[in-house]
Amino acid sequence: MSGSVAQYAAILAQDRRAAWRHAGTLGAILAVTGAALWITGFFDAQRFIESGPAIKQLASEMVPPNFARWQSWLRPLLDTLAMSIAGTAVAIFFSLPLALCAARNTSPHRIVYECARALLALLRSVPEIILGILFVAAVGFGALPGVLALGLHSVGMVGKFYAEAIEHVDPKPLEAARAAGATRFQVITHAILPQVLPQLADVTIYRTEYHFRASAVLGIVGAGGIGFELMAALRLIKYDEVSAILLTILACVVVVDTIGGRLRQLLK
Amino acid sequence: MLTAVAAEVTYSNGTLALTATSLAIEPGRFTVLLGPSGAGKSTLLRSFNGLVQLTGGRIEVAGIGDISDSKRLRMHRRQTGMVFQQHHLIGRLNVLANVLTGRLAYHSQLRTLFGFSRAEKELALRAIDRVGLLNEALRRADELSGGQQQRVGIARALVQSPKTILADEPVASLDPATSEQVLSMLHGICRSDGLTAVVSLHQLEFARKFADRIVGLHAGKIVFDGPPSQLDENAVSAIYGNIVPAGARPIKRASIQNTPALGVAS
C-alpha cells in the first residue's frame, strides 16, 4: 500500500502537467484571437459608440419595408432562378469530364490527374465575384456573365466533389464489367456512374441552391437578376426598398432550399 | 481450350503468387481449382481472363491466341463469363440492369450510352429466368439474399452467351446449404450448355461432388491434377499441407471407417 501512495502522487503530477499544457494551448488561442480583433479595430470603443445613432437611422429607414415596386422584381427574380439553374448546367457540363480526369481510379494518366486537380483548385480559388466582373467586361451586362461566373466557379467545387465520389466507388462491379469485356469507357458509364449518381445529384442540387443565393450577390457587379435591383436600391439610398428586396430574396431562398431538400430526400 | 503456358505472377510487393505454371483446360469439362487461401488458385483463375496480369509466360485461347493483346483480350472476355465470390453487383441497380452489364462487350461504347435494345433485355430476362429470379427482375440487387445475388451473378455471366465460365470462389460467402444449391445450379447449366467451367473452391467436399477434374494448388504450385477419384489422402495433405481443412474432415472420417473394412477384406 505504501508504494501506491507514491504512485498516486506520480499520476497526479502527470495530470497537473497535462492541465498546464492544456492551459498553455488555450492561452495561445486566446492571444491569437485577441490580436486578430485588435488588428481589425474591434477594441476601438469610440467607433461603436458613434455607430449607434447611424444604425438607428438605417434601421428606421428600412422599416417598414417598401414592397410598392414588387411587380418590377418578378422578372429579375425569374432571371436569378434561371441563372442558378443555367449555372448548374454549365457546372455539370465541365465538372463531369474534369472529375473523371481528377479521380485516381478513372484518370487516363498521372499527368492528366495532376493537371485536372490543379485546374479545379484554380477555379475554386477565383471568387465568383471576380469572375463576374471579368465576364461582365467580356460579354456585357445581364444574366449571361452571371451564369458563366457561377458555373465556372462551381466547376472547381463540384468537380472536386464528383472526383471524390468517383474515387470511393466499390471497385467490385468495375472488375465484373472488365471481366465481361467492357472497355474503359463502358466501365465508367455502366459500373461507376450508376454507383455515384445519387451523390452527384446530391451535390448538384445543393449547388443549385447555393447558386440562387450567390447570384443575388453577383447582381452587384452588373451580372443581372435580383441582385441588380438590390444594388440599384442601395445606390438610390432607398433603404426601405433594400429591406423589402432582402426579405423577398430570403423567402425565395427558403423555397428553393425546401424544394432542393425534398429532391435530395427522394434520392436517398 | 484454355492454356496457361509457364504462367507466372509476382505481385508488386514481391510475393510470388504463382510459380511458372502450365495447365490446359479441356473444353466442356468442369475443372475445380482446389487449395487453401493463398495457394494461388484465384491468381491462376484470374489470369485466365487477364484480371491478373502475368509477369511471365502467357495464356493461350483456342481460336483467339495469346490474350496479352488488348483486342484479343476483349474478344476472349466477351465469350468468358465470370462469377465472383462477392457477387460484384451494383446494389442500387435492379437485377435486370446488373445482368445487362454482361452484354457491354457486344456493343460499341457509343451504342451502350443510349441503353440496351428490347432484344438485349429479353436475352437478359431469359438468363434471369434460368436462375429462377424472373419475379425479382426489377428489384434492387441489394434487397436480395446472398444466394439470390450470386444467382444474379451467374445470370450476368450467362447473358454473355459464354463458351467458358470462370468462377472465383463462387460460394465462399454463402452458407453451406445455399452453397450447394448455387454450385449445383452452376454445374447443371454448364453441363446442359456444354460450357467449359473453371471454378476455384476451398471446400473439398464440393470439389469431390462436382468436379470432372481437380487441380490442387499449394503455395503457388500445382501439386495435384486428376479426377476426384484419384484425390486420396496423400493428395489432400499435399494440397493443404499438414493442416487438415474443415472440408477434409468428413472424408478423413470416411477413410478411417474404410480402413477396418479393407483390413477385413485383405
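Helices (H or I, at least four residues) and strands (E, at least two) are DSSP runs, numbered from the N terminus.

**Ground rules.** This is a predicted model, where local features need pLDDT of at least 70 and side-chain atom pairs count only at pLDDT 80 or more, while totals for chains, interfaces and linings use all residues; side-chain values use heavy atoms, with hydrogens and water left out. Residues are numbered from 1 along each chain as its sequence is written, and chains are lettered from A and ligands numbered from 1 in the order in which they are written.

**Cavities.** On a 1 Å grid over the protein atoms alone, a cavity is a set of points where a 1.4 Å probe fits but cannot get out; a pocket is an open set with protein on both sides within 12 Å along at least five of seven lines; lining residues have an atom within 4 Å of a point. Points are joined across faces, edges and corners, and a volume is the space filled by probe spheres set on them. I get 2 cavities of 30 Å³ or more.

The largest cavity has a volume of about 40 Å³. Which helices each supply at least two residues of its lining? They are α7 and α8 of chain A, and α7(A) gives the most, with 3 residues. Chain B is there too, with B:His88, B:Ile90, B:Asn98, B:Thr101 and B:Arg156 in the lining. By class I have 5 nonpolar, 4 polar and 1 charged (Ala, Val, Leu, Ile, Met, Phe, Trp, Tyr, Cys and Pro count as nonpolar, Asp, Glu, Lys and Arg as charged, the others, Gly among them, as polar).

The second largest cavity also holds about 40 Å³. Its lining includes A:Ala176, A:Ala179, B:Phe84 and B:Arg156, and splits into 5 nonpolar, 1 polar and 1 charged.

**B:Thr101.** B:Thr101 sits in the loop between α3 (95-100) and α4 (109-113) of chain B. Buried or exposed? B:Thr101 is buried, at 9% relative accessible area (buried is under 20%, exposed over 50%, partly exposed in between, with a 1.4 Å probe and protein chains only). Leaving out residues up to four places away in sequence, B:Thr101 touches A:Ala180, A:His190 and B:Arg156 (contact means heavy atoms within 4.5 Å).

The largest pocket is about 660 Å³. It has 27 lining residues, with A:Arg178, B:Gly50, B:Gln53, B:Leu73 and B:Arg77 nearest its centre. Two or more residues each come from α7 (171-179) and α8 (184-218) of chain A and from β4 (56-61) and α2 (70-78) of chain B. I count its lining as 11 nonpolar, 10 polar and 6 charged.

The second largest pocket is about 300 Å³. Of its 16 lining residues, A:Leu81, A:Ile85, A:Thr208, A:Val256 and A:Ile259 lie nearest the centre. Here α3 (71-102), α8 and α10 (239-267) of chain A give two or more residues each. This lining has 12 nonpolar, 3 polar and 1 charged.

**Cores.** A nonpolar core is a set of buried Ala, Val, Leu, Ile, Met, Phe, Trp, Tyr and Cys residues joined through side-chain atoms within 4.5 Å. The largest has 79 residues, and B:Leu34 and B:Leu231 have the most contacts inside it. α8(A) gives the most to this core, with 8 residues. A second, separate core of 28 residues includes A:Ala176, B:Val9, B:Ile25 and B:Leu73.
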